[in-house]
Amino acid sequence: METQTQTIKKKTDKVTERMTGAESVIRCLLAEGVDLVYGYPGGAIMPVYDELFKYQDQLHHVLTRHEQGATHAAQGYARASGKVGVAIATSGPGATNFVTGIADAQIDSTPMVCITGQVGSHLLGSDAFQETDIIGISTPITKWNHQVTKAEDIPTVLAKAFYIARSGRPGPVLIDITKDAQFGALDFSYSKCKGVRSYKPVPKTDPKSLEKAAELINKAQKPMIVFGQGVILGEAEEELKNFIEKSGIPSAWTILGLSALPTAHPLNVGMVGMHGNYGPNKLTNECDLLLAIGMRFDDRVTGNLETYAKQAKVIHFEIDPAEIDKNVKADVAVMGNVKDTLSRLFSLIKPNTHESWLKKFKDYDVIEYDKVIKEELFPSKEGLSMGEVLRGINQETKGDAIIVSDVGQHQMIACRYAKFTKSKSNVTSGGLGTMGFALPAAIGAKMGAPEREVVAIIGDGGYQMTIQELGTIFQTGVPVKIVVLNNDFLGMVRQWQQLFFDKRYASTEMVNPDFVKIAEGYHIQSTKVTERAHLQDAIAEMIASDKPYFLEVCVEKENNVFPMIPTGASVSDIRLE
């Protein structure tokens, strides 16, 4: 087998180099500007790792402690940096351990390229050791996937993978490479993919849709905006802000849209959805025009679709045609990247303030503050609340940190109370709701934005699903700050059991280990807080540290997150208690 790199000139005068398929994988990553990958080696991917060893001064590899951790770290990296995250694993269980992270990335539109090794092509279908049909398994949860069985196909396939992952509505791509393709030789050259036949990542914008949208906006008396992650993915934060300020329209956000507009902006009226703010949920069913900007009308946002915004005209700004009329019928569909469509619409709308309409949101804010927020942020009870922990973090970070949250009560509290001044600051598992997401995702987020403070907010349940990634933190020294809000329960499930299952706490109470000792076993500085008097000093010490830090805060066991919209109820039926 020819392994030594040779330079060859073809008839087309295109310069190529003779190399193995495994080396070409590394060279493709470097050509795409990748300098950091997450992964876990194994037999079927070993040729690639052997080449990676030779290129380690150019391409940094982070050894996670589980393949799922590699995918979540790649997600966190992508969400914080805006680049494509990359994860590598071997065949069989290595590949199947990728599935949760890939599914999470698919539903949350996170650009990610996953590379898995596979048994030799002559063994495919023979139930060989560690053979799994990862192409069949991952087809429903990837934007695109492909199995490579010939070395010469690797550059073209990987170029296409990166193009598809990052273009249009982003998403995960999986490339499965057989071991003989890694060992095989090819004449390597690389050209970035600039288009794929029949794939149109950004649909054309109909000028008439902009005119119709402008007409509805200019006539509306009670318009309301709900913006989602499409604004962040489209890098349209400035265009959104300009549009909102000219139109004077009160603007709410989905969980993944959080941080696209500073939380302190006077037209930012809070979060919609199951645990969102009182005003924007109530007034969804009073507005006369609903502008959905880069969001997909998830069921956690809409509640009962039969009663959702039936009185309102709907303008849906979308890059993915499949989302139009999928859940909520649009009166006007404005297709395209919102960076472009909002910019073009800006000149067509008239300046406005909607002062009396905005006052309704503020009136609801007062009600919510008195009945919910005041007690959550400044509790009268002896026990600590999750909200006051977030208040303390806000105080120390001044809203400049990236907050990475797991899934559960703490996630809702983090999204409700964290303050943000910059975009790409809220990293969480939205659509899939993956417990165990936050710890590895925080590692990736810090590596994707090393200049920013990264704080992971995690519950005691989700923390133990990927707790082994403390080993990754120890080995890399990545200075993430970990806050575990410990209530000795699977808190969100317990809340539902209390409210809807007559307090039958079936399999939700946790008997937890000594988290501080575990963190100390990984040589991570640790503190446990059980009393309010010590909370702020502990948070300040954590934020001031330039090293990894673990903070456990023991919070009230049976506190609930309100407001809340019960499953299947209308957004108008939001409960404050």
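Predicted model: local features only at pLDDT ≥ 70, side-chain atom pairs only at ≥ 80, totals over all residues.
Visitor: Why is Gln-118 called buried?

Guide: Its relative accessibility is 2%, and buried means under 20%. Gln-118 therefore counts as buried. The residue belongs to strand β6, which covers residues 112–118.

Visitor: What makes the pairing of Gln-118 and Asp-176 a polar contact?

Guide: The two side chains are joined at 3.0 Å, and the limit for a pair of N or O atoms is within 3.5 Å. The side chain of Gln-118 also reaches the backbone oxygen of Thr-132, at 3.0 Å.

Visitor: How do you know that Val-37 is buried?

Guide: Val-37 has 0% relative accessibility, and the buried class lies under 20%, so Val-37 counts as buried. Its place is in strand β3, residues 36–39.

Visitor: Which residues does Val-37 touch, not counting those up to four places away in sequence?

Guide: Val-37 touches Leu-29, Leu-59, His-60, His-61, Val-62, Val-86 and Ile-88.

Visitor: Why are α1 and α7 called roughly parallel?

Guide: Helix α1 (residues 21–31) and helix α7 (residues 154–166) pack at an angle of about 30°, and angles under 35 degrees count as roughly parallel. The two helices are therefore roughly parallel to each other. Their axes are 9 Å apart, and the crossing is right-handed.

Visitor: Which residues make the contact of α1 with α7, and how do they divide by class?

Guide: Helix α1 contributes Gly-21, Ser-24, Val-25, Cys-28 and Leu-29, while α7 contributes Ile-154, Pro-155, Leu-158 and Phe-162. Seven are nonpolar, two are polar and none is charged.

Visitor: Which residues make the contact of α16 with α23?

Guide: On α16 they are Glu-388, Val-389, Gly-392, Ile-393, Gln-395, Glu-396 and Thr-397; on α23 they are Arg-532, Leu-535, Gln-536, Ile-539, Ala-540 and Ile-543. By class, this contact has six nonpolar, four polar and three charged residues.

Visitor: Why is Ala-309 called buried?

Guide: The relative accessible area of Ala-309 is 5%, against a cut-off of under 20%, so Ala-309 is buried. Ala-309 lies in the loop between α13 (299–302) and β14 (313–318). Its phi is near 50°, a positive value in a residue other than glycine.

Visitor: Why does Asp-325 count as partly exposed?

Guide: Its relative accessibility is 39%. Buried means under 20% and exposed over 50%, with partly exposed in between, so Asp-325 counts as partly exposed. Asp-325 is located in the loop between β14 and β15 (332–335), and its phi, near 65°, is positive in a residue other than glycine.

Visitor: What is the omega of the cis peptide bond from Phe-562 to Pro-563?

Guide: Omega is near 0° for this cis bond. Pro-563 is placed in the segment after β21 (549–554).

Conventions: Residues numbered from 1 in each chain as written. Heavy atoms only, no water. Helix = DSSP H or I, 4+ residues; strand = E, 2+ residues; numbered from the N terminus. Buried < 20%, exposed > 50% of the residue type's maximum accessible area, 1.4 Å probe, protein only. Polar contact = N/O pair within 3.5 Å; in protein donor to acceptor, adjacent residues only side chain to side chain. Contact = heavy atoms within 4.5 Å. Axes fitted to C-alpha atoms, helices over the stretch in contact; angles between N-to-C directions. Parallel < 35°, antiparallel > 145°, perpendicular 65-115°, else oblique. Left-handed = near helix turned anticlockwise from the far one by under 90°. Nonpolar A, V, L, I, M, F, W, Y, C, P; charged D, E, K, R; others polar.
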